[in-house]
Amino acid sequence: MDMISGLRYQAARLAEQHGGKTDGAPEPTLSPNLVKAFSLAGRVAVVTGAARGMGAQAAVTFAEAGADVVVADVLEEGLEETAEKVRALGRAATVVPTDVSQKAKVDALAARALTSHGRVDVWANVAGVLRYSLIAETTEDDYAFITGVNQAGVYWGTAAAIRAMKEQGGSIVNIASAGGDMPAPTISVYAMTKAAVMMITRSAAIEAGEFGIRVNAVAPGFIDTPMVAGYYTREDGTVDPDAKRDAFAMRAAQSPIQRTGEPEDITWAMLYLASDASRFMTGQVLRPNGGVVMP
Ligand SMILES: NC(=O)c1ccc[n+]([C@@H]2O[C@H](COP(=O)([O-])OP(=O)(O)OC[C@H]3O[C@@H](n4cnc5c(N)ncnc54)[C@H](O)[C@@H]3O)[C@@H](O)[C@H]2O)c1
């Protein structure tokens with residue numbers, strides 16, 4: 001038997017042993033060791049930006065992994081819906097309307113999480129905003145709005161999380177962006193704030209490690225959420241299906257695997273960072289982006 005045939009034979013044997021390929025065999029079960037590594041059972045997660053998009057999906061993914069979730073957003077519409085999805089999975093959910101650009105509001109969110117759940121193990125800073133403008137035309141209002149949410153919001157969230165987790169340790173997951181690695185026209189302020197998120201992450205990892213707190217970031221590529229709806233929404237607020245198809249096709253063409261992302265492509269990476277599966281990771285940036293940026 002040549003080497004390739006030998007490897008194929010060995011793979012077929014293994015698949016058979018683990019129920020992978022045999023017709024009618026029961027579904028293979030994950031080893032308890034692996035389930036434990038990715039489990040958030042008994043843990044409490046705070047998720048900002050949880051009214052919609054990736055934040056809403058992160059709350060659901062964390063609940064699927066066994067966490068109780070505190071869902072926060074400035075947009076109250078949608079928050080209760082996310083909380084209901086968490087409860088439908090058998091987990092507790094607490095809704096806390098919060099503007100993350102204000103330190104006092106973020107501190108109040110942490111206090112509420114502690115009074116309602118007694119602990120915070122995971123804190124995901126997902127809230128973010130995007131406005132398009134050329135540098136020469138950016139207004140002070142655009143600048144303050146974007147930096148207030150994306151940069152100050154993540155900074156104050158990280159600060160509150162460190163204080164809340166100091167006694168027992170935990171994991172902070174910040175959402176950056178492929179835009180933080182790659183300059184592009186009309187998103188300069190957004191890109192600056194996302195590069196800042198990566199540095200906040202590294203700085204916090206240095207300071208919080210001694211408390212058993214890990215701090216990492218996820219830098220998504222193009223993901224189908226309301227944030228990117230500007231690419232295909234008409235002035236009257238309706239969706240232009242042709243523009244939507246073109247926008248997604250154009251983005252997919254930039255990826256070696258020829259696709260754009262779904263929220264779970266990001267929240268599964270977030271779960272890895274939130275859970276013990278990533279216990280040796282801190283100060284790092286994971287880049288689920290379909291390969292569009294490889295810094
Ligand atoms: N969609 C993408 O392609 C993409 C790519 C890279 C990074 N991101 C980042 O992912 C994160 C989630 O974005 P999304 O795509 O789900 O967008 P989204 O617009 O669907 O969700 C963002 C959420 O943040 C909330 N938010 C905005 N300002 C807030 C504030 N001051 N306080 C509290 N909550 C606030 C919004 O209300 C919204 O619910 C953001 O940080 C975004 O920058 C998105």
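Biologist: What should I know about the model before I start?

Modeller: It is predicted, so local features need pLDDT of at least 70 and side-chain atom pairs count only at pLDDT 80 or more, while totals for chains, interfaces and linings use all residues. Residues are numbered from 1 along each chain as its sequence is written.

Biologist: How many helices and strands are there in the protein?

Modeller: Helices (H or I, at least four residues) and strands (E, at least two) are DSSP runs, numbered from the N terminus. Here the protein has nine helices and seven strands.

Biologist: In what order do the strands form the sheet?

Modeller: Two strands pair if DSSP finds at least two bridges between them. In this case the seven strands make an open sheet with parallel pairing, in the order 3-2-1-4-5-6-7. Strand 3 (93–97) and strand 7 (285–286) stand at the edges with a single partner strand each, so one side of each has no neighbour in the sheet. Strand 4 (residues 122–125) and strand 5 (residues 170–175) run parallel and are joined by four bridges; Trp123 stands opposite Ile172 in strand 5.

Biologist: Which strands does helix 7 lie across?

Modeller: Axes are lines fitted to C-alpha atoms, for helices over the stretch in contact (C-beta atoms, placed from the backbone, within 7 Å), and angles run from 0 to 180 degrees between N-to-C directions. Helix 7 (residues 188–208) lies across strand 5, strand 6 (213–218) and strand 7, at about 165 degrees to strand 6. Helix 4 (residues 79–88) lies across strand 2 (68–73) and strand 3, at about 165 degrees to strand 3.

Biologist: How is the protein divided into domains?

Modeller: The bounds come from an automatic or database domain assignment. They give domain 1 (34–223 + 261–286) and domain 2 (225–260). The C-alpha centres of domain 1 and domain 2 lie 24 Å apart, and the contact takes eight residues from domain 1 and six residues from domain 2.

Biologist: And the ligand: which residues come nearest?

Modeller: A residue is near a molecule if its C-beta atom, placed from the backbone, lies within 6 Å of it. Of the 29 residues around the ligand, Gly49, Gly53, Gly128, Thr225 and Met227 come nearest. Helix 3 (53–64) and helix 6 (140–165) are the elements that give two or more residues to this shell, and helix 3 gives the most, with three residues. Domain 1 and domain 2 each supply at least three residues of the shell.

Key. Two residues are in contact if their C-beta atoms, placed from the backbone, lie within 7 Å.
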